[in-house]
Amino acid sequence: MATNASSIRATVLQATLKQCPLFSALDDSALAEVAATCSLRGLEKGEFLFHEGDPAEGFFVVQTGAINVHRISPDGREQVIRVFRPYSSFAEIALSAAEHYPVHAMAIQASQVLLVQRRPLRELIQRNPDIAFHIISSMSNHFRHLVQMLEDQKFKDIESRLSHWLLRHLDDPATDAPGEVRLDTSKKLLANRLGVASETLSRAFARFREAGWIEVDGPRIQVLQPGALRAILEAAE
């Protein structure tokens, strides 16, 4: 029975890793090696996976749930960096010379994550250098996300920040044709990302709706007048 349980566990871990972009190109043999370095952790909603300054054991792949990676500003405000969902990897910085995590990570839903331990994976990278290219690509994606977040906050007022965020998520932000943006997180987290209080963001959404620029239906936001949003940005620059 123990052997069967171990076999099932290994199969589940490999299936999760295979769906993670970081490991999707690996063959079954290499996936099995990575899976052998992994441990599975369960988290309740609101439970921290790690805190800023904790020793870096390795990096993580989300199997189920959602993990909020954030920092705390000097004035005590939570600054969300990104919310990671199933098959996303995060904290790859643990594979570098960094000895401690530079951020906090907390489950915002009941979650399960895979811990990929740093030392065994470093040894695997030496035998399979292609993994390093995927890790660099993933870290570049995280960096690009941070740059976008800073761009969202470069404007002083919430109308400009929200306009910039909406336009950036349209398929073609340069057109005047209506388009749809899907909100893949809560408005509270979006407000945090834009650097404002939830109430401030709600009032901005209300003003945009009243002006006829957008319509909101749950997570679906119809941008009816992209030109009006671009005009807000042009006036702010």
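Me: What is the strand order in the open sheet of four strands?
Reply: The order is β1-β8-β3-β6, with antiparallel pairing. Strands are DSSP E runs of at least two residues, helices are H or I runs of at least four, and both are numbered from the N terminus. Two strands pair if DSSP finds at least two bridges between them. This is a predicted model, where local features need pLDDT of at least 70 and side-chain atom pairs count only at pLDDT 80 or more, while totals for chains, interfaces and linings use all residues. Residues are numbered from 1 along each chain as its sequence is written, and side-chain values use heavy atoms, without hydrogens and water.

Me: Which strands stand at the edges?
Reply: β1 (38-43) and β6 (89-90) do; each has a single partner strand, so one side of each lacks a neighbour in the sheet.

Me: How many bridges join β3 and β8?
Reply: Six, in the antiparallel sense, between β3 (residues 58-64) and β8 (residues 111-117). F59 has V116 in β8 as its bridge partner.

Me: Switching topic, what does F23 touch?
Reply: Leaving out residues up to four places away in sequence, F23 touches L17, L31, V34, F59, V61, L121 and I131. Contact means heavy atoms within 4.5 Å.

Me: And which residues in α6 meet α7?
Reply: K187, K188, L190, A191 and L194 in α6 meet S198, L201 and F205 in α7.
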